[in-house]
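Please read these notes alongside the model.

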Amino acid sequence: MHCAQYTAASCRSCQWLEKPYPQQLADKQHHLETLLAGHTVAQWLTPVFGRESAFRNKAKMVVSGSVERPLLGMLHRDGTAVDLCACPLYPASFTVVFAVLKTFIARAGLTPYNVARKRGELKYLLLTESTYRGELMLRFVLRSETKLAQLQAALPWLQQQLPQLAVISANIQPVHMAILEGEQEIPLTQQQALPEIFNQVPLFIRPQSFFQTNPQIAASLYATARQWVRELNISSMWDLFCGVGGFGLHCATAQTQLTGIEISAQAIACARQSAVQLGLQNVSFAALDSTRFATSTAQVPQLVLVNPPRRGIGTELCDYLSNMAPEYILYSSCNAETMAKDISLLVDYRIERVQLFDMFPHTAHYEVLSLLTLRP
């Protein structure tokens with residue numbers, strides 16, 4: 001993959017760009033095998049990979065420059081701005097959208113936030129595309145509500161130029177720190193959930209809910225989890241750190257007792273919407289802390305699926321799972337190092353199978369799925 005900004009040393013986010021892609025995969029697999037070297041893995045499966053470019057469904061663009069000539073991209077620590085509208089990780093459809101958004105910023109009078117001067121209003125543009133119908137979700141991250149009326153007044157023009165904009169909102173982030181978004185989200189369209197479909201499973205993305213950034217690999221990850229779980233012939237499962245419900249909704253059948261837990265109320269609203277559309281009756285989703293839920297519940301499902309953030313599930317939840325002793329644990333991780341630490345604490349479990357999913361080409365990061373079985 002060629003990137004002009006990388007060649008010019010303006011952006012080095014893709015640290016492994018100069019490394020041939022087959023070597024990237026080999027190095028990631030070696031890293032994973034090294035982390036699990038102290039364990040016996042019954043089955044290593046071949047890494048799953050997809051496109052090397054144009055694979056991202058999301059752009060997080062820092063807005064800088066002037067209101068007449070905004071730049072969308074990133075800021076270096078010295079304040080130098082880099083325009084990333086031509087980043088080859090984004091789909092071709094984003095190019096037109098970025099051009100229209102630059103014009104819109106000027107029309108709406110949305111002054112880009114100047115970090116050094118602590119002045120201006122528009123901090124970020126967050127854009128997400130659905131592979132289902134090509135619809136878009138756009139979020140304006142503002143310092144305050146000062147320019148909100150101007151933004152709303154100018155929106156009809158933007159919607160006319162980009163009819164694929166299905167969900168629009170404004171997020172208020174008043175803190176002068178490198179924090180992407182604040183707690184307050186103001187809907188600017190009646191529709192506030194972007195529909196997506198993976199493997200015939202309807203999913204929904206709301207402004208403040210997490211969703212995978214590589215839909216091709218995410219769909220493969222969910223499909224693999226479904227296949228592994230269906231082979232176990234279970235009747236009850238928990239989906240902890242469930243997000244919008246992608247794993248649980250893929251794995252559950254009409255007879256499965258599924259409980260999904262996620263701290264984000266927005267994500268839980270998405271999961272419930274999907275469950276209703278699928279007609280699943282034995283499913284419940286709740287906006288709770290996953291560790292707190294698990295450690296305060298007496299019931300023992302046959303399978304516990306965990307998909308934690310980079311920090312892993314931690315000692316407390318590992319200890320509780322060991323004591324609770326479900327028959328199976330399905331662990332999906334975006335940080336194999338913390339996953340390996342957690343698995344080391346689950347001493348009563350053996351690793352049945354492991355598979356790497358290259359969700360993040362040209363970087364050292366990857367996703368991994370591991371199936372653990374309780375020892376007899």
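1. How many residue pairs are in polar contact across the interface of domain 1 and domain 2? The rule finds one, with both residues at pLDDT 80 or more. A polar contact is a pair of N or O atoms within 3.5 Å; within protein, one must be able to donate a hydrogen and the other to accept it, and residues adjacent in sequence count only if both atoms are side-chain atoms.

2. Basis. This is a predicted model, where local features need pLDDT of at least 70, side-chain atom pairs count only at pLDDT 80 or more, and totals for chains, interfaces and linings use all residues. Numbering runs from 1 along each chain as its sequence is written, and side-chain values use heavy atoms, without hydrogens and water.

3. Domains. Domain 1 covers 10-52 + 214-374 and domain 2 covers 58-191, by an automatic or database domain assignment. Five residues from domain 1 and six residues from domain 2 make the contact (heavy atoms within 4.5 Å). The domain centres, taken over C-alpha atoms, lie 32 Å apart.

4. Dimensions. The C-alpha trace of the chain spans about 70 × 45 × 35 Å along its principal axes.
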